[in-house]
Every structure is written in structure tokens, then in C-alpha cells.
Amino acid sequence: MQILAVGDLHLGAAPSRLPDELTGRASDLGATGVWHRIVEQAITSEVDAVVLAGDVVEDEDDFFEAYRELSRGVERLTGAGIRVLGIVGNHDVRVLPRLADQIQGFELLGRGGQWQTAELAAGSERLTLHGWSFPQRQVTASPLQGHEFTPGPGPNLGLLHADRDQPASVYAPVSSAELDAAPLDGWMLGHIHKPDALSASHLNGYLGSATGLDPGESGPRGPWLLRVEGGAIRSLEQWLIAPLQWERLTVDLTALASTEEARERLIGAVNERDAAFTQRGLPPEAVALRITLAGRTALAGDVRRLLERENLDTIHAGQGNIHYFVEHLAYATEPELSIEVLAQRSDPAGLMAHRLQVLARPSEDPERRSLINRAREQMKPRIDRSWWQPLGTDGPDDAMIADWLHQAGTRALEQMLAQGAEEQ
């Protein structure tokens, strides 16, 4: 028996921070695109069931788009003899039950917050699913509280959308102890978008989002293929089929001989990732790169000017058809002289080096906190400008300010050292 387990799908949601040349493909690169890939691959691989772990739809406003895409997918899957089951998450508490009532073949488990079981069969193999759905958008009590599970045939797996080990959460808080104590063989969880390190011997955790929709969802994304044989879970494999991949890439510029060599190192690092992507059965269509240039070099300023002049919003470094673009380019280089040595000097460069040392201290350090608070006060007139208000934000947090200060301070220190070298 083969079961394809899908984490948070969020039909109707499109990825953010796409460059202009990809905005017309936002749907294909987002939730709709990965759903098409899931359906196609499930049929090709002849799985027996597709299981959706909640937040199938982004929100109620996406009803019509979700209906169109979900119904088409379910029709294709059921037409191929594949069952489709799912539960309601906190995002789709109103829309998914309505969709389930209108889409023939879609089996909704645990409607109204009442646990429900479903038995899956393929030949002599059996598997029992125990599912629970959100009855309203916020649930402050654990769905496991007071429930007694009755195991069914074959391996027994829980399907739950919940907030694990967050007792104050309003999104169905559950504890790891509760999950471990339940008389089930494992849990397939939705809600948190970062996937856990799941395996056949430890199938207890978050499936993660089906595809990353923003830079915070970097790394591998995709559904999980579960194989049952001889009445036991034999294997678990993540299908890395997300059409858009968010990647963090660090390029070391230590011992850099020229600015052109920096470009070559960057392209080389992208080519290494490209080789790994193209080895997949279904590589991504686009890869968003969050690049950090690091290491000790005296050429950091020259490298920065070179890369900004070349406008690396688009990089076509790969050998295949993957579209690469730079979502963010950060500089974390250091002077060839260590910060510790520079901080002992009494000139402006020494003072700047000392402040960079302060930024590297723990968040509770009084001197670091004072430095960040002073920076926040300097920024306040800009943060309070009227055009920022629709964003509904309280302004940058300490980590963001510290990052800005570090980049600005490093750049200023490089300029001071370069000026001093010229004067000598």
C-alpha cells in the first residue's frame, strides 16, 4: 500500500517576493502548481490514497479558485482509483467543509471536532486513519483531551492539524507527551510549515508545507510517500516536487584575489546546487536565492559594487531549465585584520570594530541593547511615516536592527581601512 501525505497546501496563496519576470507565473509556482504536481505524480506512481493534513485552502476568499483546482485534482485522482481524504485546519475551517460537500470523492474526516476513523485497503494490506478537524478557527483545548482511541486494522496513524508543545496556543495545542501516549503507530501533523525529520521508524511530526511561499520557508518541500507492507510501515520518503525552492547560500570570499573571482565563486556555488536539483525526478521550475557573502577579504567593497552594478536579480547559472533569481544579497564579510585586533585601536576604525563586537554579544547584554535602542530612536521618524502604517507593523525587531547595524558598520569599517591604506 502507498499513501501520499500532504502537509499545508494553502490553495489560493501565491508566493511572495517574485521578480517581475516571474509574477505572471505566480500561480504555477505556488500552491496551485504544487497541487498539479502532486496529482500527476500520485497517478503516475499509482498510490492508493492522498491524505491532506489541513489548511488545504488559504482562506474563505479563495473558495472559487480552490473549488476549481481541488475538484479537478480530486476527480483525476478518484478516476485513477485513488482515495482522497483530508481534515480541516484553522485556515479553511469554513471553506473546506463546504468544498467537501460539493466535491464528489473528497472524504472529510473529523468534521465538527469529532474524531473519526477511516480504513484504507490495498490487496491484503490495511491502514487505519484517525482524523480530527477544526470546528472553529480557534481551539484552545487539546483535541486529544478525553478521547480514547480504538485501534483498527493494520498500522494506525493520527491525522491532526495542531500546535505542538505550545500550551498557550489557540490553534489546537497538543503536547509531545500526549502524542506519544496515544495507542497509535504515528502522527502526521499539519500547521507548522517546517517539516520534521520523519522516517519509517519515527513517523511522528510535521509534514511541513507542500511548497514554500516566502523566504522563511527555505529548504526541501513536498509531500511524503508512505509504504505499508506485511502489516507494517516499511518506508517513508519525501517527494521534493515543489515548483519553487527557497535556498540560503553562503559564499566564502576569504583569500579573494580579484572581484571577478568573487563572481566566479558565486556562480560556482549556484552550479553546485543546480547539479543537485537536476538529479531529482521533478526539479523545481524556479529557485530563489538568499545569498550571504562571508569570509575575510579586503575587496568586500569592490565586490559589492561589482555585484550591484551587474544587477543579480536574475542568474541563469544552471545547466537545465531552472530559473534562478536573487531574492536577497547580504554581506557578512570581515576585514582581513580580525575585529578583535582592530577593536584594540583608539582610532575611529577601532571604535567601529568595538561596536561590531557589541552587536555579536547575547541579546540581553546591556551595551548591545543600548546600541540597538539608540538606532531605533534614530529610525523612528522614518518608521512613523504615514505610508508605512497600512502594513500594520510595529517596526523592525531587535534582530533586524542588529543586522542592519552590522552591515552598515562593516561597510563603514571597510571604507575606513581602505582610506587609511591609501593615506599610507
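**Before you start**

This is a predicted model: local features need pLDDT of at least 70, side-chain atom pairs count only at pLDDT 80 or more, and totals for chains, interfaces and linings use all residues. Residues are numbered from 1 along each chain as its sequence is written, and side-chain values use heavy atoms, with hydrogens and water left out.

**Stop 1: the whole protein**

Show everything as a cartoon. The protein has 11 helices and 16 strands. Helices (H or I, at least four residues) and strands (E, at least two) are DSSP runs, numbered from the N terminus. Along the principal axes, the C-alpha atoms fill a box of roughly 85 × 50 × 45 Å. Of the 424 residues, 48% are buried. Buried means under 20% relative accessible area, exposed over 50%, and partly exposed in between (1.4 Å probe, protein chains only). Take the contacts (heavy atoms within 4.5 Å) with a separation of 6 or more: residues 24 or more positions apart account for 70% of them.

**Stop 2**

Two packed helices are described by the angle between their axes and the distance between the axes. Here, axes are lines fitted to C-alpha atoms, for helices over the stretch in contact, and angles run from 0 to 180 degrees between N-to-C directions.

Select residues 31–44 for H2 and 63–79 for H3. The axes of H2 and H3 come within 10 Å and cross at roughly 5 degrees. H2 and H3 are therefore roughly parallel to each other. Angles under 35 degrees count as roughly parallel, over 145 as roughly antiparallel, 65 to 115 as roughly perpendicular and the rest as oblique.

Now show side chains. From H2, Thr32, Trp35, His36, Val39, Glu40, Ala42 and Ile43 take part in the contact. From H3 come Glu65, Glu69, Leu70, Gly73, Val74, Arg76 and Leu77. By class, the residues of this H2–H3 contact are 7 nonpolar, 3 polar and 4 charged. Ala, Val, Leu, Ile, Met, Phe, Trp, Tyr, Cys and Pro count as nonpolar, Asp, Glu, Lys and Arg as charged, and the others, Gly among them, as polar.

**Stop 3: H3 against H4**

Which residues of H3 meet H4? Phe63, Ala66, Tyr67 and Leu70 do, against Val95, Leu96, Arg98, Leu99 and Gln102 in H4. This contact divides into 7 nonpolar, 1 polar and 1 charged residue.

Stay on H4 and colour by accessibility. Its buried residues are Val95, Leu96, Pro97, Leu99 and Ala100. Their cover includes H3 and strand S4 (106–108).

**Stop 4: the five-strand sheet**

Look for an open sheet of 5 strands in the order S5-S6-S7-S10-S11, with mixed pairing. Two strands pair if DSSP finds at least two bridges between them. The edge strands are S5 (116–122) and S11 (204–206), and each pairs on one side only. Direction ignored, neighbouring strands are turned by 20 degrees against each other on average.

Zoom in on S7 (residues 156–161) and S10 (residues 186–190), which pair in the parallel sense over 5 bridges. Pick glycine 158; its bridge partner in S10 is tryptophan 187.

**Stop 5: S14 and S15**

Select residues 244–252 for S14 and 286–296 for S15. They run parallel, joined by 9 bridges. Tryptophan 246 has alanine 288 in S15 as its bridge partner. S15 is mostly covered, with 8 of its 11 residues buried.

**Stop 6**

Most residues other than glycine have a negative phi, and most peptide bonds are trans. Select alanine 255, in the loop between S14 and helix H6 (259–278). Its phi is positive, near 60 degrees. Is alanine 255 buried or exposed? At 61% relative accessibility, alanine 255 counts as exposed.

Next, arginine 17, in the loop between strand S1 (2–6) and helix H1 (26–29). Arginine 17 has a positive phi of about 60 degrees.

**Stop 7: alanine 375**

Finish in helix H10 (residues 366–383), where alanine 375 is found. At 11% relative accessibility, alanine 375 counts as buried. Not counting residues up to four places away in sequence, alanine 375 touches Ile401 and Leu405. Draw the C-alpha to C-alpha distance to leucine 405: 8.1 Å, across 30 residues in sequence.
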